[in-house]
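Subject: Structure handover and notes

Dear colleague,

Please find below the structure that I promised to pass on, followed by my notes on what turned up in it. I would be glad if you read the notes with the structure open beside them.

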Amino acid sequence: MAALCSEFGDLVQIKKQLISVISLCKERGLVHSVKWASELAFALDPLPKNELPPPTFFTEEDAQDLDALGLAKSYFDLKEYDRAAYFLRGCCSQKAYFLYMYSRYLSGEKKKDDETVDSLGPLEKGQVRNEALRELRVELSKKHSAGELDGFALYLYGVVLRKLDLLKEAVDVFVEATHALPLHWGAWLELCNLITNIEMLKSLSLPDCWIRDFFMAHMYTELQMIKEALQKYQSLIEAGFSKSTYIMSQIAVAYHNIRDIDQALALFNELRKQDPFRIENMDTFSNLLYVRSMKPELSYLAHNLVEIDKYRVETCCVIGNYYSLRSQHEKAALYFQRALKLNPRCLGAWTLMGHEYMEMKNTSAAIQAYRHAIEVNKRDYRAWYGLGQTYEILKMPFYCLYYYRKAHQLRPNDSRMLVALGESYEKLSQHVEAKKCYWRAYSVGDVERMALLKLAKLHEQLNESDDAAQCYIIYIQDIFSCGEQLEHAEVSTALRYLGQYYFKNKLYDEASLCAQRCCDYNDAREEGKALLRQLSQVRDQTESSTTDLFGPLSSNNTPIRRVSPLDLSSFTP
């Protein structure tokens, strides 16, 4: 933290740098980087007039190209990219060269998108390519070899390489771009999309600049290292960025990723108060409202975003979530398709559309949608998990295992992935692995409270009665301690088994207690009464045994902890 504070010691200097980079990006039409830097600058205190940075430095070449650049930029702003490029073709300055190449790139992208919308449904794999990419790569690589590319041109070269799927070269060029121009957020963001794991992140030689901390926090969130991400964002807040809505939104997304729904909802509601016309991240907010089944709030959010801008990807995703919550899955899928027409690289829309096709029992379309999501971002655990579920429906456990493993690698401490893995191993009769998965799912904090139950049933199936009993005991104690015993139907299953288990082992007092508790549940009442009758017959003949069944277990693969005897007397269902 000390190092971070010293790095952020001079907030006035940071503000000056942000104002300068806003101006540089604005001249080059890099609107998203302008917005990011402007939001950050807005979170810092205003500078007095004498502290404001001087206007951009002009070279002789800049002066020569000034009129052509002004004309071309006016066409560029109106999205007349070919026209802008035409008037810049003879210019010499770095600024004009970048805008010339960027206009050609965007012209190709626009034509590609128009053709995609005209000819393909969003589930068909887009074979349409940006025709300008190869030419741009040849020209930029020549300049790159000659060392003639500035930070902005290096960024564009990296984008071209990424679009051509030359990912390794793209990473090297983006790293070079961050060194040449550390304050251009666009280059950092592109780099972020290409990093697949923490080892790759550590291997990169990145510039030592304050913006690197923003990148690392963003990267930790993407790699599901949420604890580290939250620490980083907290230190950025303490360093002077406490008013930043960007940081607030990133923290909200981080809480969403670890399913801390209350914290995430509170932050998103605060964000909406501070920035009521904001559309970014509102699709994530709608996911939270969906999980909590908050229909009125989701309806209000959808209507509100339609008023602001109905043709934004996030708006379409929010409306899709709203229809999905109302079980109108065809309408929901339609809005996710609309989102993908607006942006075919929208990760959330592909994944959510996969979920809708699953609901409609259209497994082949679901598989296609999830595969598209993985193409966009190989780190999307929801798409891997969705593919696992789809193949589960198709009764293909080897495929399930592969996809659930991928999801588990991305979310090692998510109990849902571990339970799904355990089920796949169980179906493939790999019982040792299944037991390990169920126990691990319980150890990391079982979200759905199913892991111990599945473990107990597996032990039961394998006639490992002591282990099954231990699991059922811990399961019941956990359920009672949370006060959830009424809502959880499976408590009766555990009580039924334990009643019989204690009876067989001549622990008649415990068996009697379980039998009485069975009578509180409709589906176990008859078994409970039958066991009580058996107990009353046996009690006349023998005294109950006091064997300690709660000592160490048989040499089995499940690492069960030592527990005290089951005490249900203080609980009344």
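Predicted model: local features only at pLDDT ≥ 70, side-chain atom pairs only at ≥ 80, totals over all residues.

Residues are numbered from 1 along each chain as its sequence is written, and side-chain values use heavy atoms, with hydrogens and water left out.

Asp 213 counts as buried because its relative accessibility is 7%, where buried means under 20% relative accessible area, exposed means over 50%, and partly exposed lies in between, with a 1.4 Å probe and protein chains only. The side chain of Asp 213 makes a polar contact with the side chain of Lys 232 at 2.8 Å. (A polar contact is a pair of N or O atoms within 3.5 Å; within protein, one must be able to donate a hydrogen and the other to accept it, and residues adjacent in sequence count only if both atoms are side-chain atoms.) These two residues, Asp 213 and Lys 232, are 19 residues apart in sequence, and their C-alpha atoms are 7.2 Å apart in space.

Aromatic rings

The structure holds 30 aromatic pairs, a pair being two rings of Phe, Tyr or Trp (its six-membered ring) whose centres lie within 6.5 Å, with planes under 30 degrees apart counted as stacked, over 60 as edge-to-face and the rest as tilted. One of them is the tilted pair of Tyr 155 and Phe 174, with 6.4 Å from centre to centre and 50° between the planes. Tyr 155 lies in helix α8 (residues 151–163) and Phe 174 in helix α9 (residues 167–180), so this pair ties together parts that are 19 residues apart in sequence. Tyr 155 is buried, with a relative accessible area of 11%, and Phe 174 is likewise buried, at 0% relative accessibility. Elsewhere, ring pairs link Trp 36, Trp 185, Trp 210, Phe 214, Phe 241 and Tyr 246 into a cluster.

Charges over rings also occur, by the rule that NZ of Lys or CZ of Arg must be within 6 Å of the ring centre and within 35 degrees of the ring normal. Lys 406 lies over the face of Trp 384, at 5.4 Å from the ring centre, and the charged end of Arg 411 sits over the ring of Tyr 381, 4.4 Å from its centre.

Salt bridges

Side chains of opposite charge can pair when their charged atoms come close. If a salt bridge is taken as a side-chain nitrogen of Lys or Arg within 4 Å of a carboxyl oxygen of Asp or Glu, the count comes to 26 salt bridges. In one of these, the side chains of Asp 45 and Lys 243 meet at 3.7 Å, N to O. Asp 45 lies in the loop between α3 (31–42) and α4 (60–77), and Lys 243 in the loop between α13 (226–241) and α14 (245–257), so the pair ties together parts that are 198 residues apart in sequence. Both Asp 45 and Lys 243 are exposed.

Arg 104 and Glu 139 also meet through their side chains in a salt bridge, at 2.9 Å, N to O. Since Arg 104 lies in helix α6 (residues 94–119) and Glu 139 in helix α7 (residues 133–145), this pair ties together parts that are 35 residues apart in sequence. Arg 104 counts as buried at 15% relative accessibility, whereas Glu 139 counts as partly exposed at 29%.

Arg 411, already mentioned for its place over Tyr 381, forms a salt bridge with Asp 414 at 3.1 Å, N to O. Arg 411 is buried, with a relative accessible area of 8%, and Asp 414 is buried at 6%.

Backbone

Asp 165, in the loop between α8 and α9, has a phi near 65°, a positive value in a residue other than glycine. Asp 165 is exposed, with a relative accessible area of 59%.

Note on methods. Helix = DSSP H or I, 4+ residues; strand = E, 2+ residues; numbered from the N terminus.
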